Amino acid sequence: QVQLVESGGGSVQAGGSLRLSCAASGGARSSHYRGWFRQAPGKEREGVAVIYTPGDNVYYADSVKGRFTVSHDNAKSTLTLQMISLKPEDTAMYYCAAGWRGGSFGGGWARPTSYIYWGQGTQVTVSS
């Protein structure tokens, strides 16, 4: 069954903004660990921004700090990634992830293998 569904991707020019959303259902809906990853062609999937909802403990990749903001609406069980000042190097398929397999959150937040549930992805393309 579908657990995570992303939306909001698209094409923008450098300097523009996009807002991604991820709706959760099933087991993913109850997870306190949620985040965004991205994968560009020929590159490994990388952690972008993740959040542990009790207390809103958040981690960001260095490349997006100050430009991306992750947030979670508990009532709607929706994860959001607000992206501003987009750069061509932000071009990638963006994936929503949820469900923690265990271990230190601080040590494993950026590893794709740390997460149980994945969405199908939404494409973000930034042109120069």
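**Strands and their partners**

Author: In the hairpin of β4 and β5, Gly42 takes a positive phi near 80°, and six residues lie between the strands. Strands here are DSSP runs (E, at least two residues; helices are H or I, at least four), numbered from the N terminus. This is a predicted model, in which local features need pLDDT of at least 70, side-chain atom pairs count only at pLDDT 80 or more, and totals for chains, interfaces and linings use all residues. Residues are numbered from 1 along each chain as its sequence is written, and side-chain values use heavy atoms, with hydrogens and water left out.

Reader: How many bridges join β4 to β5?

Author: Two strands pair if DSSP finds at least two bridges between them. Here six bridges join β4 to β5 (residues 46–52), and the two run antiparallel. Trp36 stands opposite Ala49 in β5.

Reader: In which sense do β4 and β9 pair?

Author: The sense is antiparallel, over six bridges, with β9 spanning residues 92–100. Arg38 has Tyr94 of β9 as its bridge partner.

Reader: Is β4 mostly covered or mostly open?

Author: Buried means under 20% relative accessible area, exposed over 50%, and partly exposed in between (1.4 Å probe, protein chains only). Five of the seven residues of β4 (33–39) are buried, so the strand is mostly covered.

Reader: What is the order of the strands in the open sheet?

Author: The order of its four strands is β1-β3-β8-β7, with antiparallel pairing. β1 (4–7) and β7 (68–73) are the edge strands, each pairing on one side only. β7 pairs with β8 (residues 78–83) over six bridges, and Ser71 has Thr80 in β8 as its bridge partner.
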